[in-house]
Structures are given as structure tokens and as C-alpha cells.
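Take a walk through this fold, one element at a time. Keep the sequence beside the coordinates as you read.

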Amino acid sequence: MFEPATSRILTLVFADLADSTALKTQFGDQAVGELITRHRTHICRLAAEAGGRIIDWAGDGCFLTFETSSAAVLFALRLQEIHHAESDLPGVRIGLHMGEVGEHAGPEEDAAHPRVEGLAVDLAARICSLAQPTQVLMSSAVAASARQRIDNRLFRQPVGWRAYGNYRLKGIAETLQIHAVGLEGMASFTAPAASEKAAPVALPPRRGMAIAVIALVFLGVVVAYFVGSRTPLPSPVVPQVVATRSAPREVAKDSDFGARPAIAVLPFDNMSPDPEQAFFADGLAEDLITRLSSWRAFPVIARNSSFQFRGGNLDLKHVGVELGARYLVEGSVRRAGARIRVTAQLIDAASGEHVWAETYDRQVSDLFTLQDEISASIAASVAGDATRAEGERARQRGTENLDAWSLYQLGLQRENFDSRAGHAEARQYFVQAITRDPRFASALARLAMHDLWAVFFGWSDSPEQETAVAFANARRAAELDPREPIAYIALASAYSLKGEVQNGLDAAKRAVELNPSQPEVYMVLSWLQLLSGDPAACVAADKRALQLDPHGPWAAMAHDNIAGAYWELGRYQESLEAARRLVSARPTYYWSYVYIALDAVALGDLATARTALADARRVYPGLTIDTLQRAYGVVRPEVDARRNAALREAGLE
């Protein structure tokens, strides 16, 4: 009888010995067989230590699955380290990919060795075939999920990461971004060469980052700044790219942040013996960002940008300039059983001087009280008592359930809008958090936003139903916690899909009032401003989001709204530049190609417009004018007619 497959999201690993056939010719079957046996022994031990499952052996190759990407990468690096130490072992090439698979029971219902099938398995095998001996290659989904959770201190050599751009794999419709990880001095970091199985895909060049923000003022003046008038913020300069730090950056004036120096919370170091406790350290820093943002006394740089600066001896002045932050918070977390020790310090980035430092020893059960103490101490050190009342209001939180909070933090860390699989993995954590605490407003709000993004990105099989469920979850979140900004962002997004622009605009403005340091609120506000017929305001809001999150995923999405706004304003060349930056950052997002097509038609380049639409259809095969209209969620006769006419001219129906 046919047993239906269980659908799961797993990280898939293929490990293959290089040149084993040639070695057999040179040294004989028996000698090489002994090497292969030793290699297999290492794999079995390392897989067990990292929590992996060996699904299948094929000659000298092995197929494994892992529950988390970080565990899979840890396994790969450990195997690479052993093969380097035991020099008689052949080089090993490893490929990793994360995706949804079907899992069937193995022979005679063997649950320990199931059959795992699906396109994601084929992709992992293809990635492995690209690797050279001593090389670990992976898709962007694995790299994004694992990079922030791999601790350099676990290895004798530093861990290196590389990005090689997009590759088109034989028999696979979509291109994949290929990344590498390896131990410096042990691994090969050569980009995969073009072959009949794979070929690199050229993308528009990325432009250098522009002006950041740093304030060089005396600490004694800060309080006066904070209690001063909140005048409208001037428009900052837009960074030109999301993921590159190589270009020189300039030092901007305090006025770029409304004369209020910004603060950035760097990822806390995990000092616990268990590397998997890194999520706990990251969760504490993430929650601290949220709490500091709620004080409203100063801008707080988004997590996606500040968490790029992890570990090592950082040049704090450079970090401050890169993030546009005057003050930096850094610290460490050591958890042992039910006890936790947290150290935290506040640093003036320009001078490198410590403004405040403290060590806390607590029971894990006192975590939320500990967070209150740290955030209150930092804010009081920077701003004195001027914002204490706002701090008291910010003490409100969504849950007292530590398990729910941990799952929520894992969901935040897994957020990945570059793939449907990464999006689904984060969503699962939010669902589990709500299961632990059905009144957890923040988790409900995030779940609503994920379901709405699935509709926007064309990943939903039933967009109307999913929008209705997300709208209900967003309303419930706002009822449970009227000060949760993401609840209002979700409401605003749902209203936009329902065609209720003014209601959406009101909800987005409320989100900005609740947390003016959160880039997401400006992203959704800008979208509603565009739908309401105010493209200039849309651009200003996107620039604010870019200022708060210069390196994160919202920086990429800001270019989406900017491209649409400039197109409506008739500034086609600027719209085209924004759309191309979006392609560089998110090549699997169909709207970027749609904007390129619209701009190319306006500029009289029909060949480019048709090529762009072909790329859009490759990413989203069901693309039509009607599907685009549904994604907009609102009818504006004049703008819609102009857009649809241009798309028809380019060949879309």
C-alpha cells in the first residue's frame, strides 16, 4: 500500500571523495578501500555528534540530512579539518542545500534510514558536483541561515566565507546563488568553473555604498539632543548596494538622524560550551534591540545590519561608520544549566571609550527581568532620566513563556525572503511559539506578516484565503498588545491587499509612531504612500528604512518601492537603477524584472523590456497582468492603465 510522504524542511548534504578511482589505479583496491573505510568512520562519528542522519551511501559518496543548517555546516567543517589533518586521505568535496523534501519510511519501515526525495535533493547533489577537493559549497539559503551561528573558536583556523554569484545548473530552471565556507589554509576558495553541468550567470554590477551616519559630539550634549524638538527628518543619502563593504564611506552629520545619535546592538558572543546556545545569545541581543527601540529617545540600527559584525577584534570606529551609529552595545552570554551570566558594555564608537559596563548573574527563569535591567541601564547611561517614563511603557512584552520566546527568536534568525523554503522554515518557528503561548502577540504578528509576504511574492496557493487568515491574526495581535508595531504593519499590508488604502496608511503610520527605529514600518508605510498616490513620500520613507538597515533584507526591498515610485514620477533612469540594484540583491524576486521592463519601454528599449519579462516569467511562471494587479491589491485607473499598456507593449498579457 502506498504511504504518502511526510513533507519536511531539511538541510541536505552530499560528501564525495575526490579522485578515488585514480588512487585505486595507483595504489590498488585494498589500500584505497582502507582509506574509504576510515573516511566512512569519520562521517558516521561526526554525523552522530552534529545530529545528522546518514540516508544513503553510494560508493565513496554519502548523502546526509540535518535539522539545522548550522549543524550541517559544522559537520562539513569538521570533516574538512580531519581530511586536512590526515594527509593520506583523499580530498573531500561537499555540497549543501536547504529545502522542502518528501520523506518515506525506509525498507521494512526503518525510520532511522528513510527515503528522502525531491528537487532539493537533486540541487544538493548538483552543488556537490561543482565543488573542488577540500571545498564546501552551498546555496544562499544555507549560508544565510548558518553563517551567524558558526563560532570561529570551535576550530584551529579561522572560518572563511565566500559568495560566487549565481549559477545555472543543468536541468534546473532557476539559478542558484553559490557560496562557500571553509577553514582558512585548508579549504579551496576558487569559484566553480563553467562546465556542461553548470555555468555562472552574469548580473548587473553592484555599486559602492554611499554615505553613512556618525556623530562626533560630546556626551554631555546628548541629553539636550534627546529632549529637544522632534522635527521632520531630512532625507538621507541612499546606499547603492546591500551586501558590500568594500567601497569607502563618508562621515555624515548628526542632522542625518535628526540630531539624535544612533545606537547599534552587536551580536552577543556565545561563551557557552554548547555552540547551539548561540541562538540564546542572539535572542538576548535581538530582544534588547526591540526594547531600546521602544524608548524612542534615539534611532536604533536594525538587527540585520548590526549582526553582520560578529566576533573577533572589531574596529569599533569602522563599525560605527558602517552602521551610522554613535553608540555600540556589545556583550557575551554564558549559559550553564539553569544559570546565565551576561556581560554588556556601551561604547562610544568614535572614541572607543566605555560609557557603561555591567555583569549580571541570574537564573535563566529571570531572563526577562534581566533584559529590563540591561536595557534600562544602557538607556539611562545615554539619555539620563529624560526618557524614563517611555522606558516604563516599553517594559510590556508579548510572553512570559521562555520556550515560546526561544522559538520566536529562532524564527527571527531564520527569516529569509530569498526562498520559499527559507520563508517556510521561519514560519514554522512562529507557529510553534504560538502553540506554546496563544496570546504571544509578537509571534502572531510575525506569522501574519509571513503569510502576507507569501501572497506578495507569489508563493501562496490560495492568496485570498491566506490574506483573510493573516488579517485575522494581525487584528488579534493588535488586540493582545496595542503597542506591537508589527501587528499594525501586518494590518497595513492586509488592508493594501484588500484595496483599503486609507485604512492601511493609518495602520502603517501607527506602526511608525510605536517604533520609529524599525525599518519594516517605513517599508510598508512607503508602499501605502505609493498606493495612495504620493510617490515622493514613498521615496523619503524608503530612504529612512535604508538609513536604519543599510545591510539587511529591507535595504533590498526599499529599492523595490523606490523603483515603482520613480517610475510613477517619470524618472525612468533612476527607477531602472533601483530595479537593477534589486536584481543584484534578490535575483529571484519577479517584481525587479517587471520594473526593468516598464522602464525599458518608457526609454524606448523594447528588446531589454522583453528580456526582462522573460526573466520575470522564469522566476514566476504564472505571471500575468492580472496577477500583478492582484499583488498591488488596489485599483488606480490612471496608473494601472499606464502600467498595463507598457507591459502589453513588452509582450505580457
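What follows covers a strand and its partners, then salt bridges, then a helix.

This is a predicted model, in which local features need pLDDT of at least 70, side-chain atom pairs count only at pLDDT 80 or more, and totals for chains, interfaces and linings use all residues. Residues are numbered from 1 along each chain as its sequence is written, and side-chain values use heavy atoms, with hydrogens and water left out.

Begin with strand β4, residues 92-104. Helices (H or I, at least four residues) and strands (E, at least two) are DSSP runs, numbered from the N terminus. Eleven of the 13 residues of β4 are buried, so the rest of the structure largely encloses this strand. Here buried means under 20% relative accessible area, exposed means over 50%, and partly exposed lies in between (1.4 Å probe, protein chains only).

Which strands pair with β4? Two strands pair if DSSP finds at least two bridges between them. Strand β1 (residues 6-17) runs antiparallel to β4 over twelve bridges, and S7 stands opposite G102. Strand β6 (residues 136-139) pairs with β4 in the parallel sense over three bridges. There, I94 has V136 as its bridge partner. Strand β5 (residues 115-117) is antiparallel to β4, again with three bridges. H104 faces R115 in that pairing.

Now the charged side chains. The whole structure holds 16 salt bridges, each a side-chain nitrogen of Lys or Arg within 4 Å of a carboxyl oxygen of Asp or Glu. One of them joins D88 and R38 at 2.6 Å, N to O. This pair links distant parts of the chain: D88 sits in the loop between α3 (69-85) and β4, R38 in helix α2 (residues 29-50), 50 residues apart. D88 is partly exposed at 43%, and R38 is partly exposed at 28%.

Helix α2 also carries E49 and R45, four residues apart, about one helical turn. Their closest N and O atoms are 3.3 Å apart in a salt bridge. E49 is exposed at 57%, whereas R45 is partly exposed at 36%.

Finish at helix α12, residues 402-414. Its 13 residues should span 18 Å at 1.5 Å a residue, and its end C-alpha atoms are 18 Å apart, which agrees. The expected span is 1.5 Å times one less than the number of residues. Eleven of the 13 residues are buried, so by that cut-off α12 is mostly covered. W405 and Y408 are among them. At the start of α12, a side-chain oxygen of N401 comes within 2.9 Å of the backbone nitrogen of A404.

Note on methods:
A polar contact is a pair of N or O atoms within 3.5 Å; within protein, one must be able to donate a hydrogen and the other to accept it, and residues adjacent in sequence count only if both atoms are side-chain atoms.
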